[in-house]
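Colleague: Please put the model up. I have some questions about the fold.

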Amino acid sequence: MSAPAKPRTSVVTCPHCGRRNRVPAAAASVPKCGNCHNALPWIADAGDDDFAEVAERSPIPVVVDLWATWCGPCRMVSPALEQLATERAGDIKLVKVEIDAAPRLAQRFEVRAVPTLLVMRDGEVIARQPGAAPVAALRRWLDQALQPKEGDKQ
Ligand SMILES: [Zn+2]
């Protein structure tokens, strides 16, 4: 057994006011800026052991970036996803998984291409995109995945 994981945090500069904030990898609510109270971009890394906590129990939909260090297109997609996570701060969370360090997740999500991108809501995969795409295509893909289904209450 490994030691209990310490709560992990990262430092995020607020896009609204420039204040640097500590943001936890996992939390029950969306992180907000301590200064201006706007939602902060929420970007976290996860692996086999903390994916459930960081991604499946997220209070907002999650974009999962399954990537690898040796993958060239991943280096193009990661900044595009970070841009979306910043544009949609408070609405989506970005969770990055390095698949070579997370064999159980690679198997669970049947990753055959990197990057593989997922949208998860309440722990369920609601959209999947194998391969890289430009930011405009990713934005459309995300909008489509998250649009209310017909019959949902407005
Ligand atoms: Zn702020």
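Colleague: How many helices and strands are there in the protein?
Modeller: This is a predicted model, where local features need pLDDT of at least 70, side-chain atom pairs count only at pLDDT 80 or more, and totals for chains, interfaces and linings use all residues. Residues are numbered from 1 along each chain as its sequence is written. Helices (H or I, at least four residues) and strands (E, at least two) are DSSP runs, numbered from the N terminus. The protein has 4 helices and 7 strands.

Colleague: What radius of gyration does the protein have?
Modeller: The radius is taken over C-alpha atoms, and the globule rule is 2.2 Å times the number of residues to the power 0.38. The C-alpha atoms fill a box of roughly 45 × 45 × 30 Å along the principal axes. For 154 residues, the rule puts a compact globule near 15 Å, and the protein agrees, with 15 Å.

Colleague: What is the strand order of the open sheet of 5 strands?
Modeller: Two strands pair if DSSP finds at least two bridges between them. The edge strands are E3 and E7, since each pairs on one side only. E4 pairs with strand E5 (residues 93–98) in the parallel sense over 6 bridges, and with strand E6 (residues 116–121) in the antiparallel sense over 5 bridges. Pairing in the sheet is mixed, and the order is E3-E5-E4-E6-E7.

Colleague: Why is strand E4 largely enclosed by the rest of the structure?
Modeller: A residue is buried if 20 or more other C-beta atoms lie within 10 Å of its own, exposed if 12 or fewer, and partly exposed in between; C-beta atoms are placed from the backbone. In a regular strand the side chains alternate between the two faces of the sheet. In E4 both faces are covered, with Val 62, Val 64 and Leu 66 buried on one side and Val 63, Asp 65 and Trp 67 on the other. E4 is largely enclosed because the buried residues number 6 of the 6.

Colleague: Which residues have the most contacts inside the largest nonpolar core?
Modeller: A nonpolar core is a set of buried Ala, Val, Leu, Ile, Met, Phe, Trp, Tyr and Cys residues joined through C-beta atoms within 7 Å. Two residues are in contact if their C-beta atoms, placed from the backbone, lie within 7 Å. Beyond four places in sequence, Val 63 contacts Leu 81, Ile 92, Leu 94, Leu 117, Val 119 and Leu 142. The core has 40 residues, and those with the most contacts are Val 63, Val 64 and Val 95.

Colleague: Which residues does Cys 17 touch, not counting those up to four places away in sequence?
Modeller: With 13 other C-beta atoms within 10 Å, Cys 17 is partly exposed. Cys 17 touches Cys 33, Asn 35 and Cys 36.

Colleague: Is Glu 110 buried or exposed?
Modeller: Glu 110 is found in the loop between H3 and E6. Its phi is near 50°, a positive value in a residue other than glycine. With 9 other C-beta atoms within 10 Å, Glu 110 is exposed.

Colleague: What is the omega of the peptide bond from Val 114 to Pro 115?
Modeller: Most peptide bonds are trans. Pro 115 is found in the loop between helix H3 (103–108) and E6. The bond from Val 114 to Pro 115 is cis, with omega near -5°.
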